[in-house]
Each structure stands twice: as structure tokens, then as C-alpha cells.
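Please follow the account below with the sequence and the model side by side.

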Amino acid sequence: MAKNPNAYKLVAQNKKAYHDYFIEETFEAGIVLVGTEVKSIRQGSGSVKESFIRIKDGEAFIYNMHINPYDKGNIFNKDPLRTRKLLLHKKEINKLVGEISTKGMTIVPLKVYIKGSLVKVEIGLARGKKLHDKRQDIAKKDMRRANEREFKIKNI
């Protein structure tokens, strides 16, 4: 039986990005890794919480993405916080450069996942939220939780 081609295994997610930014558009990018980093990610150890993306000389790079050193990697392990190159089409990079030149736009990593045998990063074109926008989101979440609790009590 064939596997679902859209299936993926989530390794890391940046929930803080959804709290701090409005995500306008998302892109799927490959990431250049060495063998021990891929093995470590397959074990599920990676983080994109404090990471960010910059475009330099027509290439996209992710900074501060933490990948734990592989247990059996000894001398082949690289620096866990090293800068890694993202693999995007030239058209996508040009679009990102054009969009981030406007005020308030930035590029943030949203997820790291394994799709088939490849490690992918979902990046988002984001616009920063103001404090009152964050408060509105928190109020909406509280309302939704209260409604779910109420619904649960009624159905018991």
C-alpha cells in the first residue's frame, strides 16, 4: 500500500511566531545539512524557537536553528547553532526580497519536518503584531476555551 505523499513527521514548531506575527504567506524550503544533523533530526531533536532567516547575496540562510549533536557522531558533529543554507527557487527568493523591503515585514521559520526522506523547513512571510493585536488573540483563545468547556459540560 502506497504512503500518502503529503504526509510528514513534525520535528519542531515555532508557536511563538504565530503569537508575535501575522503570517501572510508560507513557503516550503529544503535545508542543507550534514549527515549527523539529519540523523539527529530523525531522532526528533531540533528547535527553531529563537531562529531567524536572512537573505544574503541572493541566497536564504537560517540563523540560530538548534540541532542537538548526534549521540554517535563523535568528530563528525558540527556546531549546533551554525548558519544553514535554505534551498528555495530564485523566483521565491526574489519575491521574499521584494516583500521584506516594505516596512514591518520579515521572514520567520514556522516548522521543521521530514517529508519522505527530506528535511524541510516551512518559512513564513510575516508582519509584526502590535500589543493590542496580541491582546485580542489572547481574548479570542480564552473565549474559545470557555465555549469548549461549556459545551463539554452540557454534553455530559
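Contact here means heavy atoms within 4.5 Å. Helices (H or I, at least four residues) and strands (E, at least two) are DSSP runs, numbered from the N terminus.

The strands themselves form an open sheet of seven, in the order β1-β6-β7-β2-β5-β4-β3, with antiparallel pairing. Two strands pair if DSSP finds at least two bridges between them. Because β1 (9-13) and β3 (52-56) stand at the edges with a single partner strand each, one side of each has no neighbour in the sheet. Neighbouring strands of the sheet are turned against each other by 40° on average, direction ignored. Within this sheet, strand β2 (residues 21-31) runs antiparallel to strand β5 (residues 84-87), and two bridges join them. The bridge partner of G30 in β5 is L87.

Of the contacts with a separation of 6 or more, 69% are between residues 24 or more positions apart. The C-alpha trace spans about 55 × 45 × 35 Å along its principal axes.

Of the 156 residues in the chain, 31% are buried, that is, under 20% relative accessible area, with exposed meaning over 50% and partly exposed in between (1.4 Å probe, protein chains only). Q136, in helix α4 (residues 131-155), counts as partly exposed because its relative accessibility is 47%. The C-alpha atom of Q136 is separated by 37 Å from that of R42, 94 residues away along the chain.

How confident is the prediction, and where is confidence lowest? The mean pLDDT of the chain, the predictor's confidence in each residue from 0 to 100, is 82, and 94% of the residues score at least 70. Confidence is lowest in α4, at a mean of 80, and highest in β4, at 89. Where pLDDT is low, the predicted coordinates should not be read in detail.

Residues are numbered from 1 along each chain as its sequence is written. Local features need pLDDT of at least 70 and side-chain atom pairs count only at pLDDT 80 or more, whereas totals for chains, interfaces and linings use all residues; side-chain values use heavy atoms, leaving out hydrogens and water.

How values were computed:
Axes are lines fitted to C-alpha atoms, for helices over the stretch in contact, and angles run from 0 to 180 degrees between N-to-C directions.
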